[in-house]
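The sequence and structure come first.

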Amino acid sequence: MLTKKKCERVFTLYKRYAMKAFLKRNYSKALECMSYACRTACYCNFKFSDIELEALVIQISGLLIKRKTFTPQCGKFVFYDNFNLNDRVLARQYINALLSMSSKLLVISSGDKDNISVYINDILQQNSKIEFLFLNKQLPIVDKIMQISCRVASFAPEKAFIHTTPYDVVGATVWGAVTEVERYQINVTDQTFWLGINCMDYVIEYRNYGYNLSSKYRGIDYSRLLTLLYYPVTNDISFLGLPRGEESGMIRLLSGGDFYKILGDNNAFLNMIVGVLENDKNTLFYFAGSGQQWKLKRFIAKKHLENRWFLLGNRPDITAVVRHVDIYIGTYPIAGGLMTQIAASCQKPVIAYYPHYDSWNNLDELFCGDTGLPKMMFEDIDEFNHAIHELIRNPEKRVTDGKMLCRALQTQSSFAADLKRIVETKENSTAIPDISIDTNRFCELYLNAENHYLHTFPACLINSILAKRRPDLFMIAGIEFIIHYNKSKLYRKIEVKIADVFRK
């Protein structure tokens, strides 16, 4: 079972190995150990930054990247992405906005060119202002760092916008050295630990929660924190259908996101869905998202709801899916931002049950302004059941609420204008309220989901580092991996992991 103390021990272990590798001038191994330390911290979020890792990445950055300084050219921007340029994060929003602000835009991606969003690929191919660099994923860490830093120096940008994962040691190392450029971190993973605080000049938060977390727990000065609400991007991929999708008279409910967002807190979300389906027999529930499905399927079977509760996985036609349902239900204990906004953009009503109010679940922050919105969040189950029953029975209210939410969304043009304003002024348009954040509860939620449903932490311990230094931890993790992982995928995963260990 994963505990906070165990997570801290493993984090400290990886950090110690990183320090030892650094002292031996094995910078590649040091960065690899740092990446595993960051991934470990993300599993339960017992902390949100680390002073020693921040200092170490700056030291490695200065030692690895030895180059001549350059003179930034006005109007040249870089967009660096470590999410494989997909539509599930904010790449498309920022690329579109930066194109309207820059004379030249260099897009750098660490992902496979063949797997990026078709919409982003069209933008890259059709706009003459864009240059792009796709890194070979098989390149060693140091080679990636050198390739990016050389390309950035030759491009000589004025500003850089960094859209990256919490454990991206390559990006942190590169941008820690490029001090000529005005660097903006796009904090899309505001709820979790991440590396690179001292490698950025400014951090763009998308909500008050992230702003408060960065100032209070990451130690980032208020003068470096900016806020910019994003908007949802949609696609026109043809509808692939839904189970029981052709039946008339049924009200279709949808929720979506990574499975950790609905698992935990004594199955509050799952039991709430059961209650809705039992109270209104003309309803169907769909969940679109990723994770191991077998435990959820077992729960659904236990409740005898296999014909009314459907797991859709990750749907490429998610916009069409949303358009073909009637009501969107917010996830709990962790709210989902983009899915909520996509539902609103399709003029669908949004409703959520939050029996324990948490500052990271404020859906109102996903919309412009805080007035004129229908009530979406309910802490009392009876009030929630009454409200969703009213939406189920009243099509006019569904239409009215959906239109109100759609009108309150940030738009592509207003997003671009706001980005231009905060970059030019370095100021937020309104004062940011002080928010209380219960970090202990947040950690407990992650641990609960990991221990009872996800069981993904063992994968963080199956690597060549622990195989050589701590074979006991490596073997235990391997056993846990075998016990908990989907058997249909197990043998392939083991084969890949073992090959990776021996290759290194």
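**Helix packing and cores**

Helices α13 and α14 are roughly perpendicular to each other. The model is predicted.

**α13 and α14**

- Helix α13 spans residues 381-393 and helix α14 spans residues 395-407; they pack at an angle of about 105°, with their axes 5 Å apart.
- On the α13 side the contact is made by E390, L391, I392 and R393, which meet P395, K397, R398 and D401 of α14.
- By class, the residues of this contact between α13 and α14 are three nonpolar, no polar and five charged.

**α9 and α13**

- Helix α13 also packs with α9: the axes of α9 and α13 come within 11 Å and cross at roughly 45°.
- An angle of that size makes α9 oblique to α13.
- The crossing in which α9 passes α13 is right-handed.
- From α9, the residues M272, V276 and N279 meet I381, F384, N385, I388 and I392 in α13.
- The contact of α9 with α13 has six nonpolar and two polar residues, and no charged ones.
- I392 of α13 takes part in the contact with α9 and also in the contact with α14.

**α2 and α3**

- Helix α2 (residues 27-44) and helix α3 (residues 51-64) have axes that come within 11 Å and cross at roughly 150°.
- Angles over 145 degrees count as roughly antiparallel, and α2 is therefore roughly antiparallel to α3.
- α2 passes α3 in a left-handed crossing.
- The α2 residues Y27, A30, L31, M34, A37 and C38 meet L53, L56, V57, I60, L63 and L64 of α3.
- The contact of α2 with α3 consists of 12 nonpolar residues, with no polar and no charged ones.

**Buried helix α7**

- In helix α7 (residues 169-177), nine of the nine residues are buried, so the helix is largely enclosed by the rest of the structure.
- These buried residues are V169, V170, G171, A172, T173, V174, W175, G176 and A177.
- The cover over the buried residues of α7 includes the helices α2, α3 and α6 (141-155).
- Strands β1 (76-81), β4 (159-163) and β5 (182-186) are also among the elements that cover the buried residues of α7.

**Nonpolar cores**

- The largest nonpolar core has 116 residues, and those with the most contacts inside it are F79, L85, F161, L254, W309 and L419.
- Helix α9 (residues 268-279) gives the most to this core, with eight residues.
- Leaving aside neighbours within four places in sequence, W309 is in contact with L270, I273, V274, L277, F285, F299 and I300.
- A second, separate core has 69 residues, including Y27, L53, I148 and L473.
- Of these, Y27 in α2 and L53 in α3 also belong to the contact between those two helices.

**T439**

- T439 lies in helix α16, which covers residues 439-454.
- Is T439 buried or exposed? T439 has a relative accessible area of 18%, and a residue counts as buried under 20%, so T439 is buried.
- Not counting residues up to four places away in sequence, T439 touches F48 and Y217.

Methods
Residues are numbered from 1 along each chain as its sequence is written. This is a predicted model: local features need pLDDT of at least 70, side-chain atom pairs count only at pLDDT 80 or more; totals for chains, interfaces and linings use all residues. Side-chain values use heavy atoms; hydrogens and water are left out. A nonpolar core is a set of buried Ala, Val, Leu, Ile, Met, Phe, Trp, Tyr and Cys residues joined through side-chain atoms within 4.5 Å. Buried means under 20% relative accessible area, exposed over 50%, partly exposed in between (1.4 Å probe, protein chains only). Helices (H or I, at least four residues) and strands (E, at least two) are DSSP runs, numbered from the N terminus. Contact means heavy atoms within 4.5 Å. Axes are lines fitted to C-alpha atoms, for helices over the stretch in contact, and angles run from 0 to 180 degrees between N-to-C directions. Angles under 35 degrees count as roughly parallel, over 145 as roughly antiparallel, 65 to 115 as roughly perpendicular and the rest as oblique. A crossing is left-handed if the near helix is turned anticlockwise from the far one by less than a right angle, and right-handed if clockwise. Ala, Val, Leu, Ile, Met, Phe, Trp, Tyr, Cys and Pro count as nonpolar, Asp, Glu, Lys and Arg as charged, and the others, Gly among them, as polar.
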